[in-house]
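Open the structure in your viewer and keep the selection panel at hand. The tour goes from stop to stop, saying what to select and what is there.

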Amino acid sequence: MRRNRNDAAAIVDRWLAPWPTLPHATGREPSCPMLAWAACGGMALTGFTDEAPVLSPSAAIGVLAQSLHRLRDLTGSCGTPVDLDVGTVIGARAALRGFHRQGDVSAGGLTRLLRAGDGWIALALPRDDDVASVPAIIGDTGTGDPWHDVTEFATRTAARDVVDRAQLLGVASAVVPPPGMMTDAAPFEVSRIAEPATDLSLTGATVVDFSSLWAGPLCGHILTRAGAQVIKVESTSRPDGARVGDPDFFAWLHRDQQFLRIDFASTSGRAELADHVAAADIVIEASRPRALENLGVAPHQVTHRPGRIWVSITGGGRSRPMQVDFGDDAAAGGGLVGWTDRGPVFCADAIADPLSGVSAALAVAASARSGGGHLIDVSMTNTAAAFAAAENDCPGEHHVITDGPDWSVSCSFEDNTQPVLAPRPPTPPH
């Protein structure tokens, strides 16, 4: 089997280059990524409802499998080994919500791929404020149908111009790169904020998590399973939206964690938040830097004792602090989409979220093993681009075949056929 600089193992090795990591485990190479993509539940969510599910994003699943293998090794070296399967990472929320593939409409229905004057964009309208911003984006009062209005505007406007106008108003959006355009992006950048500790372990470590929705909470979920004590911190005025929108998924993500609600607007609340941050071995946040500065708990505003690990997960990373992204548009902006004759389609369900959560946890475990003392800057867009850069390393021929309403993927190299499975709900950890 051929190997190159864009195969799954090489990609993950490049991400972990800042740290001395464990040697590769033996006997755990992923199977054909095309077959794994069909089996994990993601492929069933990718493509138009009335057409075959799309095979093209499958190489990214090999990178995810490698990431999960290294995550198990690294968490086991400094805590309890965390063994997650690809299907749980990719399809847990979709299974609980009953999502299905909708092509250029995201599985959750709140983001769309739109043809622009010179390419494609992804744009999300999940909040009332986003919908209210459409007239400002298009420079017209419109018809009152926000999707109709922004779609018409996009067709006669350059993709970058549409996205710039939307982002200026805080509306999540991204230009979709053309197919085949790969980058050397990594999910995270690492800088030192403290001296390493000599006895750092994930077992018993105090984690303060004031992220929300999916990416940050998945990182916290993994650290909980690795043996850390995770404290979920929410604002009294703005609790995690997943509590209401995805209650079963929220319960799974935050199993065995402590919950704390703080009034960030009060002096006493900010003091309490600062105390929790000061006591934390690991901090997880997904806020714009300005928001943290206003609370007095930005990384440069607090003192870091030896071994402190700070994880920041945002759409564009700390170098693009004003960029707004959610999981579907961030994935599209990184090029992690499927391609059909009708144009791009969304890949799985908000896939930049779970990939970013896994990447963040992988970085935390690698940092902890080397003593910590790091700021880990995770960009969801760069994460998607890094996974999209993978090349299929199975030399076989692959075909999507149908038998009535069902679909399968065949691989000539493995001489095997895998049904395209629906997403499966998560099972509680042992």
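**Before starting**

This is a predicted model, in which local features need pLDDT of at least 70 and side-chain atom pairs count only at pLDDT 80 or more, while totals for chains, interfaces and linings use all residues. Residues are numbered from 1 along each chain as its sequence is written, and side-chain values use heavy atoms, with hydrogens and water left out.

Helices (H or I, at least four residues) and strands (E, at least two) are DSSP runs, numbered from the N terminus. Buried means under 20% relative accessible area, exposed means over 50%, and partly exposed is in between (1.4 Å probe, protein chains only).

**Stop 1**

A salt bridge is a side-chain nitrogen of Lys or Arg within 4 Å of a carboxyl oxygen of Asp or Glu. How many salt bridges does a search of the whole structure find? The search finds 14.

Select Arg 72 and Asp 83, whose side chains form one of these salt bridges, at 2.9 Å from N to O. Arg 72 belongs to helix 3 (residues 59–78), and Asp 83 to the loop between helix 3 and helix 4 (86–97), eleven residues apart. Arg 72 counts as partly exposed because its relative accessibility is 26%. Asp 83, at 48%, is partly exposed as well.

**Stop 2**

Now select Arg 93 and Asp 246, a salt bridge with an N to O distance of 3.7 Å. This pair joins helix 4, which holds Arg 93, to the loop between helix 10 (242–245) and helix 11 (247–253), which holds Asp 246, 153 residues apart. Are these two buried or exposed? Arg 93 counts as buried at 16% relative accessibility, and Asp 246 counts as buried at 9%.

Asp 349 sits in the loop between strand 11 (343–346) and helix 15 (352–369), 256 residues from Arg 93. Asp 349 is buried, as is Arg 93.

**Stop 3: helix 12**

Select residues 267–279, which make up helix 12. The helix has 13 residues and reaches 19 Å from its first C-alpha to its last, close to the expected 18 Å (1.5 Å times one less than the number of residues).

Which residues of helix 12 are buried? They are Gly 269, Leu 273 and Val 277. Looking down the axis of helix 12, these buried residues fall within an arc of 75°, so they line one face; the arc is that of the directions from the helix axis to the C-beta atoms. An α-helix has 3.6 residues a turn, so residues three or four places apart point the same way. On the other side of helix 12, look for the exposed Thr 267, Ser 268 and Asp 275.

Show what covers the buried residues of helix 12, including strand 6 (229–235), strand 7 (258–262) and helix 13 (289–295).

**Stop 4**

Select Pro 187, in the loop between strand 3 and strand 4 (188–192). Pro 187 is buried, with a relative accessible area of 0%. Pro 187 and Ser 356 are 169 residues apart in sequence, yet 7.1 Å apart in space, C-alpha to C-alpha.

Contact means heavy atoms within 4.5 Å. Beyond its neighbours within four places in sequence, Pro 187 is in contact with residues including Trp 15, Ser 379 and Ala 386.

Move to Ser 379, in strand 12 (residues 374–379). Ser 379 is buried, with a relative accessible area of 4%. With neighbours within four places in sequence again set aside, the contacts of Ser 379 include Pro 187, Thr 314 and Arg 320.

**Stop 5: helix 16**

Last, select helix 16 (380–388). Seven of its nine residues are buried, among them Met 380, Thr 383 and Phe 387. The buried residues of helix 16 pack against helix 1 (8–15), helix 3, strand 9, helix 14 (327–333), helix 15 and strand 12. Helix 16 also supplies five residues, the largest share, to the lining of the second largest pocket. That pocket has a volume of about 580 Å³, the space filled by probe spheres set on grid points joined across faces, edges and corners. A pocket is an open set of points on a 1 Å grid over the protein atoms alone where a 1.4 Å probe fits, with protein on both sides within 12 Å along at least five of seven lines; lining residues have an atom within 4 Å of a point.
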